[in-house]
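Student: I've got a two-chain model open and I'd like to learn how to read it. Can we go through it together?

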Amino acid sequence: MAGAQPMIQVIDLHKSFGSNHVLRGVNLSIDEGSTCVILGTSGSGKTVLMKHIIGLLKPDSGRVIVDGEDIVPMTPEQLAVVRRKFGMVFQGSALFDSMTVFENVSFALREHTRMSDDEMREVVRRKLEIVGLVGIEDKYPSDLSGGMRKRVGLARAIVLDPKIVLYDEPTTGLDPITTDYVDQMIIDAKKALGVTSVVISHDVASAFKVGDTIAFLHGGRIVEQVPPKLLRQSQNPAVKVFLSTWFEKGEY
Amino acid sequence: MAEEAEKPGAHQPTALYIAVEQIGKRVTGVVEELGGIASLGWSVARWAVRPPLRVENLFAQLDFVGVGSTFIVMLTGVFSGMVFAHQSSRAFMLFNAESLVGPTVALTLTRELAPVFTALMVTMRAVSAMCTELGTMRVTEQIDALETMAVSPIQYLLVPRVLAGLVMVPLLTMLFNTAGMAGAYVIAVNLKGISPGTFIYRTQQWLDPEDINEGLIKAAVFGLAVTLIGCYKGYNASGGAKGVGQATTQAMVSSALAIVVLDYVVGVALH
């Protein structure tokens, strides 16, 4: 990724909830077109960091620069414009359960474009094809398996051709085969769309598989941000403990 | 315990201290909630006047809150009118004042019973469902998903619900009034033997449009209050299925309390 411009830069980000100082000076840079996995234990503040990246939370101090614009001082209206650069895949898919797959995936098209129904059907068909799903437009989320819901969630996230896709714990609670399926989905989406991807995870195996870089969040700071191969050589005690716990289980 | 309390520097909280602390916490909690609801109301008002106007969502909610509540409101209205006519005719017959049954029922229904009962029915039927639906959407991150798609959840979800409450509770109150008077007429005229002319003439004589207006103003205030409370509780729900259940219970209790308190406040404010 040498020479690539940073798509996302987080600079000295601090955030507290009451007396709980969750982020204590996070610095992170994610290059355009790369996949960065933010790894950390449960409760380390990964989701809080991600919510700052998309502007759902305002920091106590620090800057979040997305595609060259600092989003921290932005008004809700300005943020709404920036958010169109993002697509987000939620941990539980967060599909609208009262809507069909077509209505879910076409939701952003209906809200932000003036496409006709036929044009929307065509776009939805193409996006579903990218994630490997065909002919399920009229099904409801409750009719789909966990893996399929994740895929529909990704199709919905990429329907407006975003520059950045955020994945919140995409493999948590999935069986090994579906986990593999979702990992491949992230890799394929990056190849097919050339998007910058940010994956929040505590799943080391997935992180090593999908990440161009892995950022390790510990104690409210990013203590390492390196390619997966170099993470195993890290001398940071927190990283060593986290990885040794995983590798001792023999899961990777 | 007594020995411990007497030790210097032990700082054992006394029962009074604990009681004051608990009361303080409750009061702070109530003020916080009221502030939250007022703030949400302001956001709803701001988003309500911004484009795009989601007519489809608004009509869906008007249908759910209004049309869907028609039967239950009519039924409640008919029986309220019937029982009130029955009881008041028993009392008025003691001193030969049966001609006052019509106006008594009419004034009580239009000023008090119709708006209060209608709002309670809408709370039980529609606001509970609103709160549960929004709460479920919150805990399953569907509301976050709306935000990440650059759609305001307040404009998309809350504005149609609050507007539906504001518009439909007064209309349902009129329906309650009509059904209630019909029920009262049947009991007074057909069972208690009061002449139809007396019932209608006396009612016309005593009932002013102002009485109906008072009821409708109350109904609009109740409609706004209960939908705002339901939306606030659901929108801020947390903690999975249990949290949604708790939010719905709190929404029901707070809405019922709001109706009786606001009934007094609006009644006094109008006179």
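Predicted model: local features only at pLDDT ≥ 70, side-chain atom pairs only at ≥ 80, totals over all residues.

Student: Okay, chain B. How many helices and strands does its secondary structure have?

Tutor: Chain B comes to ten helices and zero strands. Read from the N terminus, its elements go α-α-α-α-α-α-α-α-α-α.

Student: What share of the residues in chain B is buried?

Tutor: Buried residues are 41% of the 271 in that chain. Taking the contacts in chain B with a separation of 6 or more, 88% come from residues 24 or more positions apart.

Student: Now helix packing. How do I describe a pair?

Tutor: Two packed helices are described by the angle between their axes and the distance between the axes. The crossing of α5(B) and α7(B) is right-handed.

Student: Which residue classes make up the contact of α5(B) with α7(B)?

Tutor: That contact divides into 18 nonpolar residues, six polar and one charged.

Student: On to the interface. How many residues of each chain are in contact with the other?

Tutor: Chain A brings 15 residues, and they are in contact with ten residues of chain B. On the chain A side, α2 (76-83), β6 (86-89) and α4 (107-112) each supply at least two residues. The biggest giver is α4(A), with four residues. By class, the side of chain A that touches chain B has ten nonpolar, two polar and three charged residues.

Student: Last one, A:S145. Where does it sit, and is it buried or exposed?

Tutor: A:S145 has its place in the loop between α5 (117-130) and α6 (146-157) of chain A. To judge exposure, count C-beta neighbours inside 10 Å; A:S145 has 9, so it counts as exposed. For a distance to check in your viewer, the C-alpha atoms of A:S145 and A:M50 are separated by 26 Å, with the two residues 95 apart along the chain.

Conventions: Residues numbered from 1 in each chain as written. Chains lettered and ligands numbered in written order. Contact = placed C-beta atoms within 7 Å. Nonpolar A, V, L, I, M, F, W, Y, C, P; charged D, E, K, R; others polar. Buried ≥ 20, exposed ≤ 12 C-beta atoms within 10 Å, placed from the backbone. Left-handed = near helix turned anticlockwise from the far one by under 90°.
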